[in-house]
Amino acid sequence: MSLQSQDILRRSASPTQPPIAREHKVEVAKLIDVTTCIGCKACQVACSEWNDLRDEVGENVGVYDNPADLTAQSWTVMRYSEVEENGKLEWLIRKDGCMHCAEPGCLKACPSPGAIIQYANGIVDFQSEHCIGCGYCISGCPFNVPRINAKDNKAYKCTLCSDRVTVGQEPACVKTCPTGAIRFGSKDDMKAYAADRVEELKTRGYAQAGLYDPEGVGGTHVMYVLHHADRPQLYHGLPEKPAISPVVRLWKGFLKPLATVGLAASVLFGFFHYIGVGPNRADETDHEEDKA
Amino acid sequence: MSRERLIRRYGAAERINHWIVAVCFVLLALSGLALFYPAFFWLTGVFGTPQLARIVHPFVGVVMFLGFFRQFFRYWHHNFITRDDIRWMTSVKTVLLGGEVGDTGKYNGGQKGMFWLMTGCMLVLVISGIVIWRPYFAPAFPIPVIRVALLLHAWTALILIAGIIVHVYAALWVKGTMRAMIEGVVSEAWARKHHPRWYREKMQEAGHTEGGAPARQGKP
Ligand code: HEM
Ligand code: SF4
């Protein structure tokens, strides 16, 4: 979602600093309390409504997950996992979508200048008019979030309602949630609130309750309160230690300076070799004599 | 008498084939580097717009691969590496100072090495290129596989670009070589100096050991 902004922390494929007039902007966060979510999908609907998205009506695939996966038209999807814990069935429901990483793999991988930006408040946003459809963001993301739209070959994902947040409103999903399981505010406030929730869960027998704010991506601006924070994979494969893949780091990091040196060296070598040694000529006249 | 004697090295079909591959390569290298180096993103302009460059690059890649494939089957049997070629390769210093090493046939050790390097790179590029090709093929592969393919594609492209810089430089440095790929002929002197064994073979083929060149018809 393109917004005019002078508060940009990072901009994809841009070697120089983008406008960052207000670096002091408060970091925001969305806190999803998985333990109070009832799986009603009001947030899914609110997301489609506010963003005016129309996914195709799909088929029931035998579970509650519907649509079955994130798509370019469904930026958030409820994931339902049935697990047995302490001899009891537990129905773990997680609202899936972009985590708005502090170190976004999508942005690191993106080759198109300004197609992905990170605002000073932490929101990671796709600027679709600059998207070229290469899908590198999909390879960069540790959470498998971005999706390419078949109609326009552009990648889409949750914007954290950057348009609403800029004008001081909370994201649409937060506004809609009937149980208050989704909250929005400064990241500090959300962490403090989460700490209370975790305390309470511990008194209720969830000794491993905790906050999911993974360090491997520098923390996220969408966080979860989990009953089983020691095993996030229980929640439909939420990664335990997400990080930008080392393969992506190698590709986007070390390889570039190495390549620059290598290519520059081969061109310079050629140039100075020619100047130094001179062309390699076959003497066109010598054989006339030795033939004779 | 200064009439140049000429030997045919490449036929018209071979030359056209070579330049199709070469033009495709330049377009691919420029549009690919544009995606690799943020500061050179403007090079996507070789195909009009960034979006077009992203779309067209893989198709040009397929054309180049098919062209190279044809070249491979033209030349592979000239490119077996012999002990002489190894000696050539280990004597680069002499070579770089303009000396000749060994009784070189149609291709020298460096050219043969380059042939196999190009073959390897082309294979890796076409396979990895297909794995990362959106929207057609990439969705069929798991994300970790695509990541490795992206790394390999970029890496191999850079190795090939460096290789082609050497290839082009060698052709510019050794005077009379460009003519082989543009007009199809080389001078006898060129052949005798750089490819003596090939020169003798050509002479024998033509049925005479002196004088008349088995060259193209018409003007020299
Ligand atoms: C052989 C057939 C080839 C195919 C099918 C192919 C396909 C692709 C595809 C699908 C991409 C991703 C961007 C896009 O969708 O356009 C890409 C990127 C790229 N290609 Fe190719 N390509 C081929 C050959 C080449 C060659 C010969 C070079 C250069 C010598 C090259 C250099 C690159 C580079 C540097 C990138 C960007 C990688 C990055 O962003 O790090 N490709 N190619
Ligand atoms: S979750 Fe994926 S798409 Fe969202 S900011 Fe992180 S890397 Fe980007």
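Some housekeeping. This is a predicted model, where local features need pLDDT of at least 70, side-chain atom pairs count only at pLDDT 80 or more, and totals for chains, interfaces and linings use all residues. Residues are numbered from 1 along each chain as its sequence is written, chains are lettered from A and ligands numbered from 1 in the order in which they are written, and side-chain values use heavy atoms, leaving out hydrogens and water.

Back to the interface. Chain B brings 46 residues to the contact and chain A brings 52, with contact meaning heavy atoms within 4.5 Å. There are 15 residue pairs in polar contact between the two chains, both residues at pLDDT 80 or more. A polar contact is a pair of N or O atoms within 3.5 Å; within protein, one must be able to donate a hydrogen and the other to accept it, and residues adjacent in sequence count only if both atoms are side-chain atoms.

Which elements give two or more residues to chain B's side? They are helices H1 (12-36), H2 (50-75), H6 (143-173) and H8 (188-194) of chain B. Helices (H or I, at least four residues) and strands (E, at least two) are DSSP runs, numbered from the N terminus. H6(B) has the largest share, 15 residues.

Now over to chain A. An unreviewed UniProt entry places a "binding site" at Cys110(A), Cys131(A), Cys134(A) and Cys137(A); such annotations may be inferred rather than shown by experiment, and their positions follow the numbering used here, with feature names shortened. Cys134(A) sits in the loop between strand E6 (124-126) and helix H3 (136-140) of chain A.

The unreviewed UniProt entry also lists residues 258-276 of chain A as a "transmembrane region". That span is 100% helix, and its end C-alpha atoms lie 26 Å apart.

Finally, some backbone details for you to check on screen. Cis peptide bonds join Asn66(A) to Pro67(A) and Arg134(B) to Pro135(B), with omega about 0 degrees in the chain A case. Asn86(A), although not a glycine, has a positive phi of about 55 degrees. Thanks, everyone!
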